Amino acid sequence: MKAWEATIRKTQQAKKQASNIFGSAHVAHVDDEDTEQDEILAAAGEVYHAERYLSNGDYYTGHWSDNFPHGFGKYWWTDGCIYVGDWFKGKTMGRGTFSWPTGAAYEGEFKSGYMDGAGTYTGPNGDTYRGHWVMNLKHGHGVKEYTNGDVYDGEWCRGLQEGNGEYKWKDGSCYIGEWSNGTMCGKGKLVFFDGSVYEGEWDEGLPKGNGSFRFANGCEYNGNWSKDPEEQNLAFSPCDDCDVEHDPQQVYDIYLKDNVVSAQDKVPILPSQKKLAIWRSSKVTEPSVRPRRMSVDGRLDGNIDDDFNKMKMLDDNERSMKCRDDASLLSSEGSPIRIPKVVKQQGENISKGHKNYELMLNLQLGIRHSVGRPGPMPSLDLKASAFNPKEKVWTRFPPEGSKHTPPHQSCEFRWKDYCPLVFRTLRMLFKVDAADYMLSICGNDALRELSSPGKSGSFFYLTHDDRYMIKTIKKTEVKAILRMLSAYYNHFRSFKHTLLTKFYGLHCVKLTGAAQKKVRFIIMGNLFCTNYIIHRRFDLKGSSLGRLTDKPESEIQSTTILKDLDLKFMFRLDKTWIQEFRRQIDRDCDFLEQERIMDYSLLVGLHFKDTNVSELGTSIDNGGADDSTYHVSDPGGSKLGINMHERVERMERKIETELIGEPTGVCYDVVMFFGIIDILQDYDITKKLEHAYKSFQYDPTLISAVDPRQYSRRFRDFILKVFIEDV
């Protein structure tokens, strides 16, 4: 690092004794005269060699075109990160090498700023991965060599071992079989260093289910294995030379429970998260204008939408889609569907000057403090005391900092964590990495506020990567979730396919001073965090009163939430999924009914696959984004409600106010997303009064505000009529 700084200083001295690149002086303006000569001589679009000393301290040398690195070049960041390789219009694109000041390095292919394609990553501790990448994550086949001598050779998915693979420990033991979420899961065979062998079923790194353990001398145990001795059911078969029966629990403890797979290394900052300062000469930029910064994938801070950042993976059987305004979509029968215009990005970036900027800073400071607080790894078996509504932690955040909090530029506030151990365990149950969670919410990128609050008056905020949604909630909703938190936790432990909203944290910010304002937040998963464009969104409750969007079709966008009477499709699921869907809807509705919850809905998102129709020469509008970044495949596997490749069938209503229409036989291939949202509304006195008032004016069976039992029955009846088996 020091040698690099010295090199840059010498170079700058040779350039009219410019300021040190780590200083705050606007070094770029020192060379305006020389650089402007280059720009005058270079025609628009012409590529030429240039050196750029940027005002934030960064340095670039290499090919340049139209104020962007373009061609081959080298970029130094002031924190010591370096990229050497191919550029395309300000984005790392092609082959290159990215190195970190820690000594870590990646050499391989890049796409739009991401490590994407074939490449080799060497971590700061010496771990090495050689294989395929997609959007900064190990994805596809790859070989990981760990510094402790272990080696994994097999398939990866989104950064973790997934599929078939072989893991060799340094002591000579070897596992060959199936993996899921980075652990041995499914069918597999483990050969131990002493010649003993276990072959059978695995779950989360441990033998579970039917399997066989054979000692090196030939003795064998067959049957059902489990870490719980009471669940084990094993039969012993001695070898010819041995009649001594071993203790099966001893076998489990000595051989089977401690086959630890080395942890994945964490990258402190990814290449796509690095900011690229844009060069602006004084001839084209007013001195008063502050230069904006851009990430290496080409996004300007606070202005260009996040869609440009989302690189789509190309499926072997699908082609990239081109997009135009006001397009139509055809099924195989040729019936057109009008697709609303795609919005580039939901929400407004909360930058300095925004009315909620300080609130966002308070939220990020509080999350960083809560999640980053050291503590033992929680057990999934929580004590009843962890769910006590009084289990909360208050923390004071003075601007000057304290023993436990950092100094900050916001006003003084107090931060409250509700049931912190429960939500920490939920994040572990949902397999959320703490560092990734903090990076999504508390990173350098701002949160985005949705354009208008919902009907409830709540405000919604999205993280920059669309993974999490933050909602302001009322005190009654806080009481509702705390009351049902234990049952909610057990429901998620029992049913892995549950469609209920995932909650990751419950917090409160209390501003000090005269206002004494309290803002309560719930952090949820975003159902539509996907690389697919969601063309249509539906909020379905099973009621008809007020369930029609009051917008003309010309004003409907891809982000418009349509309602029950706007629905013109039936959702077709294959036999396996429809059976699981029906079971899960029953389980989830039973849970919500028992907890006295109503007014929830099924949120459904559809991505239409058939987006390039040769008969009309038209296709779906993508909001003007670069065609090269839009493809119609996604790396994630399907699960109930997520990334489901299914079909929808057009239906037509004879009467405009009827909920269910007649199927037409016209079907469309889609990627489907759905989940149950708004699960915090108690059937309280307000809803009871609403029911009584509206019952005088309308049919009581048609209104939304009904008691939880009636609501549950009506909701599941409607949902199970519009979701049908695809035969």
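**Strands, a helix and cysteines in a predicted model**

Cys667 counts as buried, because its relative accessibility is 14% and buried means under 20% relative accessible area, with exposed over 50% and partly exposed in between (1.4 Å probe, protein chains only). The structure is a predicted model, in which local features need pLDDT of at least 70, side-chain atom pairs count only at pLDDT 80 or more, and totals for chains, interfaces and linings use all residues. Residues are numbered from 1 along each chain as its sequence is written, and side-chain values use heavy atoms, with hydrogens and water left out.

Cys667 lies in β37, where it is the bridge partner of Glu649. Strands are DSSP runs (E, at least two residues) and helices likewise (H or I, at least four), numbered from the N terminus; two strands pair if DSSP finds at least two bridges between them. Strand β36 (residues 644–652) pairs with β37 in the antiparallel sense over 8 bridges. Strand β33 (residues 601–608) is also antiparallel to β37 (residues 662–677), again over 8 bridges, and Phe608 stands opposite Val670.

Cys589 is buried as well, at a relative accessible area of 0%. A disulfide is a covalent bond between the sulfur atoms of two cysteines. With a disulfide taken as a pair of cysteine sulfur atoms within 2.5 Å, the count is 0.

Buried residues of α4 include Leu359, Met360 and His369.
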